[in-house]
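Please look over the sequence and the model before reading on.

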Amino acid sequence: MSKTYSILIIEDEHNISNFIAKTLSRNGYKTTCAYSGQEGLSLVASVCPDIILLDLGLPDLDGITIINKIREWTATPIIVVSARIQENDKVKALDCGADDYITKPFGTAELLARIRTSIRHKNGSTTENLSFVRPYEYEGLKIDFSSHLITVDDKLIHLTPVEYKILAYLASNSGKVVTYTSIMKNVWGPYIDEDTKILRVNMANIRRKIEANPAQPKYLFTEIGVGYRMPDDTSCPSC
Ligand code: CA
């Protein structure tokens with residue numbers, strides 16, 4: 001790893017915090033720990049981390065407040081760490097600017113994968129959004145954002161304009177979970193109502209067109225109660 005990335009861990013439970021910090025240090029990251037929301041906020045400003053890991057259950061401030069405050073001045077990726085009982089908060093957190101989430105208990109491999117994805121997105125967003133110009137490619141699926149052509153194993157796929165918009169939005173956020181609200185606002189605009197039926201119908205149609213077996217998708221994964229996730233783009237291994 002050429003650059004040492006620094007990660008701020010905001011987590012009040014010392015054993016979890018220690019576990020994460022040790023795992024990350026062993027994998028070449030520099031870590032800083034905050035044990036409350038207030039301490040976390042001041043360290044975001046003083047340490048300027050590359051990635052923030054934020055526990056949603058902190059004693060002093062709720063996670064949404066912390067995300068809002070961080071997003072007032074920086075786009076540093078935030079990966080939310082939540083317990084299963086905080087499912088609703090997790091969706092809210094993503095909608096107000098968190099980049100991804102990981103649910104406790106989680107394994108080391110999952111945590112490291114989430115961090116790698118966030119770093120890739122962070123780097124991608126600072127290089128003039130090249131990811132948007134470069135086609136998305138993953139195991140036979142190719143999406144060309146400039147020509148709007150989609151192929152699966154070199155076979156051309158015909159999508160409606162709305163289906164294309166949904167797929168392109170998910171692909172440009174590949175590797176990350178994208179919430180229902182975020183997709184709906186991006187595709188239908190800010191005034192779309194909260195009912196996700198129209199999205200689910202379109203998703204079923206897209207799956208029917210691009211997946212060999214829509215019941216066991218290879219490209220479009222459902223994150224139950226949250227949204228959808230497409231696998232990380234493999235067209236540019238160095239990114
Ligand atoms: Ca906690």
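The model discussed here is a predicted one.

## Overall architecture

The protein chain contains nine helices and 12 strands. Its radius of gyration is 18 Å, close to the 18 Å given by the globule rule for 239 residues, so the chain is as compact as a globular protein of that length.

## Burial and contacts

Of the 239 residues in the protein chain, 50% count as buried. Contacts were also considered between residues at least 6 apart in sequence; among these, 61% join residues at least 24 apart.

## Charged side chains

The protein chain carries 27 positive and 29 negative side chains. The centres of these two sets lie 3 Å apart.

## The position of A215

Residue A215 is placed in the loop between α9 (197-210) and β11 (221-223). Is A215 buried or exposed? Its relative accessibility is 68%, and exposed means over 50%, so A215 counts as exposed.

A second residue, A204, lies 11 residues from A215 in sequence. In space, the two are 9.8 Å apart, C-alpha to C-alpha.

How values were computed
Residues numbered from 1 in each chain as written. Predicted model: local features only at pLDDT ≥ 70, side-chain atom pairs only at ≥ 80, totals over all residues. Heavy atoms only, no water. Helix = DSSP H or I, 4+ residues; strand = E, 2+ residues; numbered from the N terminus. Rg over C-alpha atoms; globule rule 2.2 N^0.38 Å. Buried < 20%, exposed > 50% of the residue type's maximum accessible area, 1.4 Å probe, protein only. Contact = heavy atoms within 4.5 Å. Lys, Arg positive; Asp, Glu negative; His and termini not counted. Charge placed at Lys NZ, Arg CZ, Asp CG, Glu CD.
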